[in-house]
Amino acid sequence: MFIQKKLENFLIRKGFQIFNPSLLSFKEQVKICSKASYFIGFSGAGCSNCIFLPNDAKKIIFFN
């Protein structure tokens, strides 16, 4: 968890917006992901939102 928090803080400083899919409705998740230029996250269920990304969106997924 410590590494994840450090990554979040770094990304916020670089201008990225952090969101937790489990706190949003399905409709809100689709809306956010469909407009994203980048998707950075840890492997798991939240990464299933990648299917809603635009074709040219960049994806970075961390696996344990």
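Q: Which elements each supply at least two residues of the lining of the largest pocket?
A: In this predicted model, helix α1 and strand β1 (38-42) each contribute at least two residues to that lining. The greatest share comes from β1, which provides five residues.

Q: How many residues line the largest pocket, and which lie nearest its centre?
A: The general idea comes before the case. Rolling a probe the size of a water molecule over the atoms shows where empty space is left. Here the lining of the largest pocket comprises 23 residues. Gln 17, Ile 18, Phe 19, Ile 40 and Gly 41 are the ones nearest the centre. The volume of this pocket is about 680 Å³.

Q: What is the make-up of that lining by class?
A: Of the lining residues of the largest pocket, 13 are nonpolar, eight are polar and two are charged.

Q: How many aromatic pairs does the structure hold, and how is the geometry of one read?
A: There are three aromatic pairs in the structure. The angle between ring planes sets the label: over 60 degrees counts as edge-to-face. One of the pairs is Phe 16 with Tyr 38, at 5.7 Å centre to centre and 75 degrees between the planes, and it is edge-to-face. Phe 16 sits in the loop between α1 and α2 (26-33), while Tyr 38 belongs to strand β1, so this pair ties together parts 22 residues apart in sequence.

Q: What kind of pair do Phe 26 and Phe 52 form?
A: Their ring centres are 5.6 Å apart and their planes lie at 75 degrees, so this pair is edge-to-face. Phe 26 is in helix α2 and Phe 52 in the loop between β1 and β2 (58-62), so the contact ties together parts that are 26 residues apart in sequence. Phe 26 counts as exposed, with 57% relative accessibility, whereas Phe 52 is partly exposed at 24%.

Conventions:
Residues numbered from 1 in each chain as written. Predicted model: local features only at pLDDT ≥ 70, side-chain atom pairs only at ≥ 80, totals over all residues. Heavy atoms only, no water. 1 Å grid on protein atoms, 1.4 Å probe; cavity = no way out; pocket = protein on both sides within 12 Å on 5 of 7 lines; lining within 4 Å. Points joined across faces, edges and corners; volume = space filled by probe spheres on them. Helix = DSSP H or I, 4+ residues; strand = E, 2+ residues; numbered from the N terminus. Nonpolar A, V, L, I, M, F, W, Y, C, P; charged D, E, K, R; others polar. Phe/Tyr/Trp six-rings, centres within 6.5 Å; stacked < 30°, edge-to-face > 60°. Buried < 20%, exposed > 50% of the residue type's maximum accessible area, 1.4 Å probe, protein only.
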